[in-house]
Amino acid sequence: MWRFVIGRLLQAIPVIFIVITATFFLVRAAPGGPFDAEKAVIPEVKAALERQYRLDLPIHEQYFAYLADLSQGDLGPSFKYPGRTINELIESGLPATAELGAYALLIAVIIGSLAGIAAALRPNTLQDYIPMSMAMIGICMPTFLLGPILVLIFGIHLDWLPVSGWGDIPGDKLMPSITLGAAYAAYVARLSRAGMLEVLSQDYIRTARAKGLPEWQVVLKHGLRGGMLPVVAFLGPAFAGLLAGSFVVETIFQIPGLGRFYVQAAFNRDYTMILGTTVFLSTLIVLFNLLSDIVAAWLNPRLRAQLSE
Amino acid sequence: MTSPLLRLISITLLACLAACTGGESKVEQGNREGVLHYGNGSEPQGLDPHVVTGVPENKIIRSLFEGLAVKNPYTLEPEPGVAESWDISEDGKTITFHLNPKARWSNGDTVTASDYVWSWHRALNPNMGNQYSYMLYPLVNAEAYATGKLEDPNEVGVKAVDDHTLVVSLNAPTPYFIQLMDHYSTFAVHPETVTMHGGATDRFTPWTRVENMVSNGPFVLTEWKLNRYIRIEKNPLYWNADNVKLNAVIFYPTENLTSEERMFRAGQLHHTNEVPLDKLPVYKAMPKSPLVQAPYLGTYYYLLNTDRPPLDDVRVRKALSMAVDRDTLVSTVLQGAYVSAYSITPPDTLGYYPPKTFSYDPDKARALLADAGYPNGENWPGLELTYNTSENHRKVAVAIQQMWKDVLNIEVTLANQEWKVYLDSVNQMNFQIARRGWIGDYVDPNNFLDLFITGGGNNNTGYSNSEYDDIILRRAPSAPTRDERYSLFREAEAMLMESMPIIPIYTYTSKHLTHPSVKGMPSNLMDSLNIRYVWLDPSETLELE
Amino acid sequence: MAHTDINAEKGTSLWEDAWRRLKKNRLALFGLGVLGLFVASALLTPWIAPYAYDAQNLDLGATPPSAQHWLGTDIFGRDLLTQIMYGGRISLAVGFVATAVALVIGVTWGAVAGYVGGRADAVMMRIVDILYALPFMIFIVLLMVVFGRNLLLLFLAIGAVEWLTMARIMRGQVQALRKQEFVEAAISLGLSPMTIIRRHLVPNALGPIIVYTTLTIPSVMLLEAFLSFLGLGIQPPKTSWGLLISYGAETMEEYPWLLIFPGLALTTTLFALNFLGDGLRDALDVRRSAD
């Protein structure tokens, strides 16, 4: 088992390295520099700015300097917000995005699993069709469509919930979380239904039922572990998707999180911010994938047996 | 299994309902406590007056710091700030500022003339990277020092005769110089604070952090939550503190116009930075409308790259300009929010009215185009219109593209680029037609007309006319009276528009939603906020029907 | 002996069986029908659209659905139905083309890796693993920002993201098929690897590939819409459903139809594709533990 973990960790390192390098050169290749301003910048001023941010060095020197800083955990200064470091900016945006992601994931897993399990228990009946149809809607309706529609209905017409902000007005966390979580709840529902169906048709389930165990014990104690396997495996990729979705949700609901920072940084050519956020987010994604793979492997008795040989 | 879930959902919804329908709004609470909630557009880049460049920064910095003179928000005339009075010499080239001995920094130190000398040296220092250093170029030797041609900053025309007397030496009489004293790039900073947290010209330093900042204005910085809000509170040491009626101001970054408008309706903001165009008819129709709209010192226009054919032919340029129906554009797509423009300088710029040398004339446009060799659009090589990504720019571009198609039968393609790429294209003259906007930094036609001198950094059209340069650079500055100066400007402007290196489209207006409880915030041509005048009247309520 | 014969025959009657099963699935048929309708409309748009794409009527402005404009007009007075039809052309084109790109790359890569096996296979799949772990959303945003937004780049970028799973599926299929006797027979006949891959392996592996392709198109369309919403995808004057939705979201309070109708168009298409894909999966009896 440990060999598996270490092996996957080692695999992750070249990935992160590729991310850093690719992003670094991509961003530098972009037209438009960080100091272009509508009122033309005087050449002397521009030169001074570039000197301060090391932009006057040849590109490979910039690269190595960046790597050196990175190894000490220093993501560099922001171009757009002088006086702030990227670490600071990430710190300020991370809590909101993390919270949003956590709530969305929670909604996705809980509602999705419940729907999927309920559907699997009575396949091809209304208890199956209704949740699965709603799941289909969740998959087919993009976040940036669902968000505005929810805002239109609940925020404007019914005036039940606030339309923007995060933590300013009670209840303003509900709609963004639901918007982000909906698509993933849909996937989780389908996955858990499929997983549960497969597990419930296995022999050992029939044995448990034949032994006279109450249905809920059958499902919870015996079925759940195997049935939820696909869901756990899905969590890794879901995390990456949640981050991407947060770009949109944070923009729609004006949430001061990392996703919105990232999109703004891309538009502002805030080189270090783009680099820093990409490195940070990518590392998170890679780690999360790793975690999800490990947990999935651990849960799967067949795989676990294989790996401990 | 599902009913506990249902119960959880209904409880949550009910809780939300209860929380949302009851309780005091931020505006109501602010009115009680004397706290203004102000929508400010983007999150400020920073608060160092010699580093930043934008309008959101402007509002905050001018509430934290004070310049030698400040602008009266009703008349835009200069009023005493840190300087309680000033004398201008006969030849107009020397100004002596007498600093108010009661002017204090927020840590108790007196504001002295040498603080100004130090600060202006800092603002002009080439290492500072101050993009507004040109504001101080009217000073003797300022430009030379800022561009590295002069080593010693002490040769720049500003001297501290004593602690409270500052003498400024100008290259030429500059009637608008006092106005510049209210622009943040000419503000003084507290030298000891800046140097305590880094080098004098370092751009990274934490001296602007809440715990470190020292300022001399009516408010001090008390909280700065990045991308959430900035809170400033009344400065008891400010020399005019008795006349400041607000207790605190909270600035919110409100980039998304639609969200900002909703925040206003929900009672979360006293004042919005902008108003979405589609909401204008709704607000205009209200009897007690919170909409405040006023002319704004800026022009929206299209740059024509006169180095690139077919734009090198003045007939083509004029044809393009005359084929644009500005009035319809403004009244339909732009919801009547702006005013059609036929020249670069906005009307009534401190009493100056630009000449109108042409109008919307489809027949004449077609004739000119035919004359230039493209009758009814034949042989037209095509042109590309570049603009930076924005809802409004897109709307204008799409409408004008169609107008050119309908009137002149020519194809113009649209290229939308985002901000940085667009800036690069414009600065490198890498475009054929490009959208542009110019907001005045001070109220004087010179600020607009000197854009088009030969080789001007913000000319971006290739327009070059030595007679024009002569008027702007030599004859107008030495005109003895304002009337003579203005008539010279009119001559220059007519000359410019005869060549049509730009297509003026509209004059900006400032649009805000302001809660009726806010008093002392009149609209003015520079959309300038003077926080000292603002107070809140709790008895006023918002009626949106 | 009989076992192998059945396997060898399975190639042809599998399709007939599948089609029979598909016909019974009403949702899938509905999906197929809707998809067919939208694709036909997209192809015929220049002839059947009620108005010209760029016919502006500034004085008219945005109006709700009426007799002259079945779905209403946008702020320039342009007919919304026409906009949606032209937008559909682009959105569907991106969906199909980008998926095709992913298909070609993925199938080839996976087939070669699965057939050749050994070191080459390990290296090829390791590359897939590494690429799989990259946060593509972030890269695509970056790519679009850096290199400007042209349609070709969009196709390539999206295709480059989606081919990976295609490769994995194909490899799995090929690995399983390779052990079959008919492949050994072909090898002993002296057929070249490429011929074997092309003529024998790919057709037999098509089942899951078809299913996955049908399910990739909607996720590609969603990706395009997402990028257009952020301002990074299709650029005006071209339009797409994603763009129309993002414009509609801006003014949804005053002109809700500008959001609802394009949204409906996109959602319905995605529904159709998903139902069809599910139906195909059931019909072709592919393994259910999907990812």
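The legends below walk through close-up views of a predicted model.

View 1. Welcome to chain A, whose secondary structure consists of 13 helices and zero strands. Reading along the sequence therefore gives one α after another, in the pattern α-α-α-α-α-α-α-α-α-α-α-α-α. Of its 309 residues, 50% count as buried. Take the contacts of chain A between residues at least 6 apart in sequence, and 73% of them join residues at least 24 apart.

**View 2. Helices α4 and α12 of chain A crossing.** Here we look at α4(A), residues 86–121, together with α12(A), residues 271–299. Two packed helices are described by the angle between their axes and the distance between the axes. For this pair, the axes come within 10 Å and cross at roughly 55°. An angle from 65 to 115 degrees would count as roughly perpendicular and one under 35 degrees as roughly parallel, so α4(A) and α12(A) are oblique to each other. The crossing of α4(A) past α12(A) is right-handed. On the α4(A) side, the residues that meet the partner helix are A:Ile86, A:Leu89 and A:Ile90. They face A:Thr272, A:Met273, A:Gly276, A:Thr277 and A:Phe280 in α12(A).

View 3. Now to chain B, where B:Tyr302 sits in strand β11, residues 291–304. Is this tyrosine, B:Tyr302, buried or exposed? B:Tyr302 is buried, because 22 other C-beta atoms lie within 10 Å and the cut-off is 20 or more.

**View 4. Chain C in outline.** Chain C has 10 helices and zero strands. Its C-alpha trace spans about 75 × 45 × 30 Å along the principal axes. Buried residues make up 47% of the 291 residues in this chain. Among contacts in chain C with a separation of 6 or more, 72% come from residues 24 or more positions apart.

**View 5. The bend in helix α2 of chain C.** Let us finish with α2(C), the 23-residue helix covering residues 26–48. A straight helix of that length would span 33 Å, but the end C-alpha atoms of α2(C) are only 29 Å apart. Where does α2(C) bend? The bend, of about 45°, is at C:Ala42, and C:Pro46 follows within four residues. The buried residues of this helix are C:Ala28, C:Gly31, C:Leu35 and C:Phe38.

Technical notes
Residues are numbered from 1 along each chain as its sequence is written. Chains are lettered from A and ligands numbered from 1 in the order in which they are written. This is a predicted model: local features need pLDDT of at least 70, side-chain atom pairs count only at pLDDT 80 or more; totals for chains, interfaces and linings use all residues. Helices (H or I, at least four residues) and strands (E, at least two) are DSSP runs, numbered from the N terminus. The expected span of a helix is 1.5 Å times one less than its number of residues. The bend at a residue is the angle between axes fitted to the seven residues ending there and the seven starting there. A residue is buried if 20 or more other C-beta atoms lie within 10 Å of its own, exposed if 12 or fewer, and partly exposed in between; C-beta atoms are placed from the backbone. Axes are lines fitted to C-alpha atoms, for helices over the stretch in contact, and angles run from 0 to 180 degrees between N-to-C directions. Angles under 35 degrees count as roughly parallel, over 145 as roughly antiparallel, 65 to 115 as roughly perpendicular and the rest as oblique. A crossing is left-handed if the near helix is turned anticlockwise from the far one by less than a right angle, and right-handed if clockwise. Two residues are in contact if their C-beta atoms, placed from the backbone, lie within 7 Å.
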